[in-house]
Amino acid sequence: MRILSGIQPSGRPHLGNYFGMMQPSILLQEQGDAFYFIADYHALTSTHDPEVLRQNVRDLAIDFLACGLDPEKSTFWVQSDVPEVTELAWILSCVTPMGFLERCVSYKDKIAQGISPSHGLFAYPVLQAADILLFDSNVVPVGKDQKQHLELTRDVASKFNDRYGEDLLVIPEPQIREVAATVPGLDGRKMSKSYDNSIEIFEETEKKLRKKVMKIVTDTTAVEDPKDPTDSYLIQLYSLVATPEEVAEMEDSFRAGGTGYGHYKQQIFEGIRDHFAPMREKREKLVEDSAYVDGVLEDGARKARAKAREVIDRVRNAVGC
Ligand code: ADP
Ligand code: TRP
């Protein structure tokens, strides 16, 4: 089974990125042939400073390795080191009806956030389809916001197979974890870099982390009154870093009343701090060892490229190029 996922180097990863995409990817590397990459071509739609892009790629590679991506088990590379992906993207563009892209909400969302509406931004989902289809991927772990892109990928692959021959491209399945489908941000909306509502997994200092957690919005229920744990952002965030027993205890305490939200936030802060402590330590070592990180990405690109060549040859042959 081939597992594949990608993440854009567009800033430091937050809890949503980690629990939605990075952690499931890391867990899945035990279960199949895992392929993970840093989507720098995708980031060109929004990052226009070459130095910033290079630095973001490097930081994200270090963060992902620190979180447990194991290069002995997974193939890990930078998207642009396997340029065959742009070749496949063009071929897929020629089987993708405009209507498929016009339906994608991410384009409209991104424009609403102030990203300039380039052709690249509009065609982004086709490049993503190429990322997935170029490696005969079976399973793609992502957060819920990527569901539509996965549907488009499946539709494009089917169109291609209808036109050029059955079974040429493997139809992938998204894997979206219910517990972290949408991690809420400080304001209760989806945690996202673009909403300025995120908690980074490696906040610079403990103090900053605590300050952010204390900012999570809550209602105005008085300390002594019982609180409703259903749909509570605090409970949702706590369940990411606590055991089921600890979560049940917090829920009981909500219902009993007599405890203020500040107390729960302190528990969440400690949970996040402790969850990421070993990774933070590993990260510090990796920052000092750039030769190791370079080696991992070079090795990964070589392995990924070998697979990509196989698929692109099959595709070119099928379309007559
Ligand atoms: P952002 O919205 O912060 O720019 P990205 O779009 O770069 O995040 O997302 C990278 C990965 O992280 C994707 O797989 C996405 O589904 C996942 N992800 C992002 N935000 C969340 C969230 N709040 N909850 C769950 N998964 C998320
Ligand atoms: N579009 C994804 C995001 O914004 C990143 C991505 C690019 C991706 N290519 C991919 C995810 C292929 C899964 C598979 O998060």
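A polar contact is a pair of N or O atoms within 3.5 Å; within protein, one atom must be able to donate a hydrogen and the other to accept it, and residues adjacent in sequence count only if both atoms are side-chain atoms. The model is predicted, with local features requiring pLDDT of at least 70 and side-chain atom pairs pLDDT 80 or more, whereas totals for chains, interfaces and linings use all residues. Residues are numbered from 1 along each chain, chains are lettered from A and ligands numbered from 1 in the order written, and side-chain values use heavy atoms, without hydrogens and water.

Around ligand 2 there are 14 residues, of which G6, Y124, Q128, D131 and Q146 come nearest (near: a heavy atom within 4 Å).

Ligand 1 is surrounded by 17 residues, and the closest are H14, D145, V183, S192 and K193. A polar side-chain atom of H14 lies 2.7 Å from an oxygen atom of ligand 1. Backbone atoms also approach this ligand: a polar one of K193 is 2.8 Å from an oxygen atom of ligand 1, and a backbone N or O atom of V183 is 2.8 Å from a nitrogen atom. Of the 540 Å² of accessible area that ligand 1 has on its own, the protein covers 91%.

Note on methods
Accessible areas come from the Shrake-Rupley method with a 1.4 Å probe; for residues, only the protein chains shown count as cover.
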